[in-house]
Amino acid sequence: MEVLAYLARLGIGPDGDALARLKQLHRAHVETLPFNNVDLLLGRLPELEPAARFDKVIRRGRGGYCFELNASFAELLQAQGFEVRSAMGRVLIGGGTPQTRQRSHHLLFVRIGDEEWLADVGFGGGGLIEPIPLRTGMVFEQRQSCFRLLADGDDWLLQSGENDDWSDLYCFDLRPAYPIDFDAANFYIARSPQSLFTNLLLVTRYTAAGQLALAALRFVRSEHGAKTTETVAHPQRLRQVLADEFGLAVDEAEAALLFDFAASHPSPF
């Protein structure tokens with residue numbers, strides 16, 4: 001019943017070839033369930049216990065961040081017979097290095113035949129639309145974006161860009177991660193005053209035509225090769241953007257709290 005509810009939320013059926021199915025599920029996930037920290041900023045610690053997480057992410061369609069989205073996606077894939085394992089990465093956006101960023105990102109490896117694929121439906125900084133195989137140096141075009149993996153021994157780096165202009169997204173190795181690792185990282189991310197997610201309202205979602213992003217009060221629509229930017233001017237407009245563009249309902253009092261927070265915590269990007 002939970003698998004059927006999950007698939008219904010994503011708007012897709014229960015069958016398909018393994019690789020095509022994986023790509024279809026991944027695309028539907030990043031287009032349907034928004035990456036966001038809205039509930040966190042409203043004082044609700046993200047719960048990683050499966051039943052509570054499923055209720056929030058899937059039944060109520062609230063989305064979440066990596067520890068919620070990728071954990072849920074892993075369970076969906078496993079329930080359909082995929083071999084999945086979890087790992088942790090270090091986010092490098094904004095000029096970070098592996099030596100200055102903690103392991104704070106949940107990512108997935110999915111095995112199909114003799115090959116593993118990097119799957120990640122929980123990266124809010126312009127991440128993958130579809131999984132990519134663990135192959136070093138190859139460029140993978142996904143709509144208006146390009147991605148590649150670089151490997152140095154057991155250390156891997158995911159980048160986005162094109163030609164000679166590449167940006168680091170995150171680095172990782174192939175060691176498995178376990179629920180206790182995510183519990184500790186989740187608590188830090190959700191409670192530390194140094195965490196990005198306690199200092200910035202961030203909501204993103206891919207669409208069939210591009211991507212939507214809200215960072216603090218800056219709403220950016222990048223679709224059909226064009227970009228528009230809006231500075232959200234008042235709480236009612238913020239409430240409307242969250243509901244209409246991301247499917248996130250908040251009441252008037254919550255919209256006012258989020259607006260005041262975002263106004264006092266501008267985006268660093």
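F219 is buried, and F246 is buried as well. Both belong to a predicted model. Their ring centres lie 6.1 Å apart and their planes meet at 75°, so the pair is edge-to-face. The pair links distant parts of the chain. F219 sits in strand β12, F246 sits in helix α7, and 27 residues separate the two.

Helix α7 covers residues 235–246. At 1.5 Å a residue, its 12 residues should span 16 Å. The end C-alpha atoms are 16 Å apart, in agreement with that expectation. The buried residues of α7 are L238, V241, L242, E245 and F246. Seen down the axis of α7, these buried residues fall within an arc of 105°, so they line one face of the helix. Their cover includes the helices α3 (38–41) and α8 (252–264). It also includes the strands β10 (202–207), β11 (210–215) and β12 (218–223). Just after α7, G247 takes a positive phi of about 70°.

With β11 it runs antiparallel, and 6 bridges join the two. Within this pairing, L214 has F219 as its bridge partner. The hairpin of β11 and β12 has 2 residues between the strands. In this hairpin, A216 takes a positive phi near 55°. Strand β13 comprises residues 226–231 and is joined to β12 by 6 bridges, again in an antiparallel arrangement. Here S222 stands opposite K227 of β13. The hairpin of β12 and β13 has 2 residues between the strands, and H224 takes a positive phi near 55°.

Aromatic contacts were then examined across the model. A search of the whole structure finds 10 aromatic pairs. One of them joins Y65 and F67: the ring centres are 5.7 Å apart and the planes lie at 90°, so this pair is edge-to-face. Y65 and F67 are both buried. They also take part in a cluster, in which ring pairs link F35, Y65, F67, F182 and F197.

R62 occupies the loop between α4 (50–59) and α5 (66–79). Its relative accessibility is 9%, under the 20% limit, so R62 counts as buried. A polar atom of the R62 side chain lies 2.8 Å from the backbone oxygen of A249. Beyond its neighbours within four places in sequence, R62 is in contact with several other residues. Among them are P34, N36, V38, D39 and R44. K56 and V57 also contact R62. So do L248, A249 and V250.

Helix α2 runs over residues 18–32. Its 15 residues reach 21 Å from first C-alpha to last, close to the 21 Å expected at 1.5 Å a residue. At the start of α2, a side-chain oxygen of D17 comes to within 3.3 Å of the backbone nitrogen of L19. The buried residues of α2 are R21, L22, L25, H26, A28, H29 and V30. Helices α1 (2–10) and α5 are part of what covers them. Strands β3 (105–112), β4 (115–119) and β10 also contribute to this cover. Strand β10 is likewise included in the cover of the buried residues of α7.

Terms used:
Residues numbered from 1 in each chain as written. Predicted model: local features only at pLDDT ≥ 70, side-chain atom pairs only at ≥ 80, totals over all residues. Heavy atoms only, no water. Helix = DSSP H or I, 4+ residues; strand = E, 2+ residues; numbered from the N terminus. Buried < 20%, exposed > 50% of the residue type's maximum accessible area, 1.4 Å probe, protein only. Polar contact = N/O pair within 3.5 Å; in protein donor to acceptor, adjacent residues only side chain to side chain. Contact = heavy atoms within 4.5 Å. Expected span 1.5 Å × (residues − 1). Arc of directions from axis to C-beta. Phe/Tyr/Trp six-rings, centres within 6.5 Å; stacked < 30°, edge-to-face > 60°. Pairing = 2+ DSSP bridges.
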